Amino acid sequence: MEVSVSSTADSAVDTSTKRRDRTHFLYIAVIAAMVLGIITGALFPELGKNLKPLGDTFVSLIKMLIAPIIFCTIVLGVGAVRKAAQVGKVGGLALGYFIVMSTFALAVGLVVGNFVQPGEGLTIPTTPTAAPAESKTTVEFLQGLIPDTLLSSLTSGEVLQALFVALLVGFALQKMGKAGEPILTGIKHIERLVFRLMAMVMWAAPIGAFGAMAALVGATGLGALKNLALLMIAFYVTCIVFVFLILGTVLRMVTGFGVWSLLKYLGREFLLILSTSSSESALPRLIAKMEHLGISRPVVGITVPTGYSFNLDGTAIYLTMASLFIAEAMDKPFSIGEQISLLVFMIIASKGAAGVSGAGIATLSAGLQSHRPDLVPGVSIILGIDRLMSEARALTNFAGNAIATVVIGTWVGEIDKEKAARVLAGQDRFDEASMLDHEDDPAVGDDGVPPDREPALSGGPR
């Protein structure tokens, strides 16, 4: 029996290692394709501009999956709210905190994007499109949310209709109670299928990145790289300021602990995230370390998994900053009203941004498709650097969830502050020998998600 268990564990390690290696290969391929695209666009501008359909085709593949992704993740997200709400005070506080902080992160992204304006001066030639439809009245807009049929919301290409139906279905399943569990399980399986398709589509990302970058440089010259670099730098700086200044202040005011000592305690987890570009890989270790910090198991068990789906601060900042960048680069800026409505949409849609690689791009495309369809082709502009920003998103998401767990534990009085002080001071060290890494954890399923988190979550924030 012992040999069998060891064999199974070794097999699981081998499988996970292969999966991780493939992910790294894709990451390297995207960067190599981006560099090759820059060289092609610089040396052969006309050829570069003619390669634009490669980037557009990749974006079309992403658009194909937007409606089912939104539907599945929102329905399961509402299910997660139901489960969290059942635990009473802890669940209610956690959900309230997550909604406030992710909304604040989205707003910060809008403010920084408007202030820095990284896309200013980068005018991207666009393919002529049909004249935009006349502005709808409020009544027409609300009527337009209702699809012709329940299923047509998934095929019409109207993202807001898919979102509306998903909310209705989610709340209906809430009312059904246990009778709705089999349906939630079925939707979870559909979601896995959709995310598997997304993972397959992402293997075309190097081709899309090559075509998009070649077209960008071919049309605008190497000066476009300065705008992309400015976006990346602004995003990284915003994430750092958000974690250390905003979240750090909240942590200090509520718990009395410093943010640096907490992040230092989680240093190994940050390295793990950097190697995978996903905070999901550090989930089991975060749960173990939060318990070691002195936070009660029920609080950790509720706050951490729910936060992985509802508290994606890094992704929230990325969504609004990237949206503004695309609008500026295409010389079609958002009005203030459009920015506010986009923020409201992203508050809901970002709850479904915890998925496989590419979920951030899919959610960004969904937001643009719902408000400014004419900007969706611009997603290809940032396709090349999206992977370079994924680490900052994942690290910020992880830091936000760690801080949230300590804050919630303090609010409900379920933290041993003396033990926490010893742990953060390095006097009570975490026993690494007793903690299996993500790939060795027998509690983690084939998709990298612990069974106790299904069907609430869909994967790691990207």
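Author: The axes of helix H9 (residues 223–255) and helix H17 (residues 383–411) come within 10 Å of each other and cross at roughly 5°. Helices here are DSSP runs of H or I with at least four residues, numbered from the N terminus; axes are lines fitted to C-alpha atoms over the stretch in contact, and angles run from 0 to 180 degrees between N-to-C directions. H9 is therefore roughly parallel to H17, a term for angles under 35 degrees. By class, their contact has 20 nonpolar, 4 polar and 2 charged residues, where Ala, Val, Leu, Ile, Met, Phe, Trp, Tyr, Cys and Pro count as nonpolar, Asp, Glu, Lys and Arg as charged, and the others, Gly among them, as polar.

This is a predicted model, in which local features need pLDDT of at least 70 and side-chain atom pairs count only at pLDDT 80 or more, while totals for chains, interfaces and linings use all residues. Residues are numbered from 1 along each chain as its sequence is written, and side-chain values use heavy atoms, leaving out hydrogens and water.

Within H17 lies threonine 396, which counts as buried because its relative accessibility is 4%; buried means under 20% relative accessible area, with a 1.4 Å probe and protein chains only. Leaving aside residues up to four places away in sequence, threonine 396 touches Cys239, Val243, Asp313 and Gly314, contact meaning heavy atoms within 4.5 Å.

The largest nonpolar core has 130 residues, and Leu262, Met290 and Leu293 have the most contacts inside it. Such a core is a set of buried Ala, Val, Leu, Ile, Met, Phe, Trp, Tyr and Cys residues joined through side-chain atoms within 4.5 Å. H17 gives the largest share of this core, 14 residues.

Methods: Helices (H or I, at least four residues) and strands (E, at least two) are DSSP runs, numbered from the N terminus. Angles under 35 degrees count as roughly parallel, over 145 as roughly antiparallel, 65 to 115 as roughly perpendicular and the rest as oblique. Buried means under 20% relative accessible area, exposed over 50%, partly exposed in between (1.4 Å probe, protein chains only).
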